[in-house]
Amino acid sequence: DPLRLRNFLRAMPKGGDLHNHLSGAVYAESYLQWAADDGDCIDTAALSIIKPEAADQCVAGQVTAKSALTDTTLYGDLLNAMSMYQYLPEKTHDSGHDHFFATFPRFGGVPQAHSGEMLAEVTARAQRQHEEYLELMFGLDRGQAATYAGKIAWSKDWSDDLATARQRLLAAGLLDLVPRMRSWLDTGERDWKRRSDCATRPQGEGCGVTVRYICEIYRGLPKEQVFAQMLAGFELASVDARVAAIDLVMPEDWHVPMHDYDLHMQMLGFLHSKYPKVHITLHAGELAPGLVPYEGMCCHIRKAIDAGHAERIGHGVDVMYEDRPEALLTEMAEEHIAVEINLTSNRVILGVSGKQHPLRQYLRAGVPVVISTDDEGVSRSEMTDELMQAVLDQSMTYTELKQAERNSIRYSFADEATKKRLSQCLELRFAEFERDHNAELRSCSEPLNRE
C-alpha cells in the first residue's frame, strides 16, 4: 500500500541529508514570490527572473514578477521552466538532463539576497520529515573568487607548479574574500533564525535542525577560476567550523569538466596537501551510457578517491562501467568511503532507475550508503520520496534504510561531539518510533520480491 508506506516513511526518524544543493532545494514558487517582492522582472521569452536597474522598471519583452503571480498561464510556464513541474519532453522539446540543468540560470539572480529565507524553507521541510542534520552545498564566495582569478593568466606550467598559482592568488588578495564569506554566512543564518523565531522557539520549524555547509566549486568554468574557487573554499573551511567540506558541481558530462577532470583532481590533491584537515566530497560518476563515450566512464570515481582524496562520492551511478568495478567497490567498503545516493535526480537527469541503478551493488559490496535529495526544489520532491523509491524501486528493507540513516550521521563531516549527540538522538527516536509502529515493522521486515 504505497500511501500507507509513505506515511510510515515520513514518520520514520531520519539522520542527515548529506547531498543537498541549497539553491536547488528551494521550490520555484518561493523564488517567484521573492522576485515579486524585490520588484524584479520576468523575461517572457527566456522564462527567467531578471534584475532590473530599478525596481519594476521592466523593458520590452519583460513583465513584472508581481504580475506573473496572477497570470495563470505564465505562472505555470515559469514553474515548468524553473523546475521539473509537469515536465513532458514532448512539451519542452528537451531531455530531463537538459531541462534540469537549465532551471538554475533562470532563478540564479535571486538566491544571494535571500539565503536566510532559503535556509528557513529547507530546514523547516527537513524538520517536518524528522531529519536532524543537513550539509548544504552553496556558492559561498558569491562568484567573487573569479575576480581574483582574472588578475592572473593560467599558464600550462602551472599544472606542474600549482604552488605558483596559489601564491599569485594569495598575493592578489584572495584572502580578503574569506571574512566576507563568513559575514555572508552570518547574515544568512541570523535571518534564518529570526524568520523561524528560534530565539523564543528553539524547537520551532527548522530550529531543531543542525546545519553545516559544503563549498560548491563550479568545475565548468575556466581553469584559473576553478582553482581560485577551490583555494577560497579551502581557506574558508580552515577557519570556519560551519563549512564542512569542498565539492565540485556542474554537469560532469559537459566538455570542460570532462576535459579538465584530471587537472581538477590534481588541484584538489595539491590543496589537500596544504589543508589536510579540510574534508572533500566529490560528484563523481554522475554519468550514464550515451551522455559520454564509454571510455569516459572508465575512472572518475577511482580518480576522485585516489587523486582527489574524496572521503565520500556523490552519485557514483556509473560505478559498474568503471575499470575493475568489483575492486573499486571493495576498496570503498574497506576504506569506509560512503556513497551519496540520489534516486530522483538519477532517474530524472540520467534516466537510470530500477535494476540499472547500482544501489544494490553498493549494498552487496558493503559500501556505506546514505540516501539524499540532491535538488528537492527543482525535482519537486523531498526525503520521504527518496525513501519511497529506495523501497519500491530498489527493494531496500527497513533494516537497510535504518542503517542508511545511521550512516548519514556517521559519515557526515560534523565534528565528533556533534556526531555523538545526533547519533544518540537518532537511536532514541528509532526506539520510540519502533514501539509505536511494531505491527507495521513486523509486516514489512522481509525484503520485497526483487523479481
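The model is predicted: local features need pLDDT of at least 70, side-chain atom pairs count only at pLDDT 80 or more, and totals for chains, interfaces and linings use all residues. Residues are numbered from 1 along each chain as its sequence is written, and side-chain values use heavy atoms, without hydrogens and water.

Eleven aromatic pairs are present. Rings of Phe, Tyr and Trp (its six-membered ring) pair if their centres lie within 6.5 Å; planes under 30 degrees apart count as stacked, over 60 as edge-to-face and the rest as tilted. F100 and F101 pair edge-to-face, at 5.3 Å centre to centre and 80° between the planes. Y294 and Y321 form a tilted pair, at 6.4 Å and 45°. Y294 lies in the loop between β8 (279-284) and α15 (300-306), and Y321 in the loop between β9 and α16, so the pair ties together parts 27 residues apart in sequence. Helices (H or I, at least four residues) and strands (E, at least two) are DSSP runs, numbered from the N terminus. Ring pairs also link Y31, W34, F100, F101, F104, F107 and W254 into a cluster.

The largest nonpolar core has 128 residues; M332 and Y362 have the most contacts inside it. Such a core is a set of buried Ala, Val, Leu, Ile, Met, Phe, Trp, Tyr and Cys residues joined through side-chain atoms within 4.5 Å. Helix α12 (residues 223-239) supplies the largest share, nine residues. A second, separate core of six residues includes I214, A245, V249 and F413.

Methods. Buried means under 20% relative accessible area, exposed over 50%, partly exposed in between (1.4 Å probe, protein chains only).
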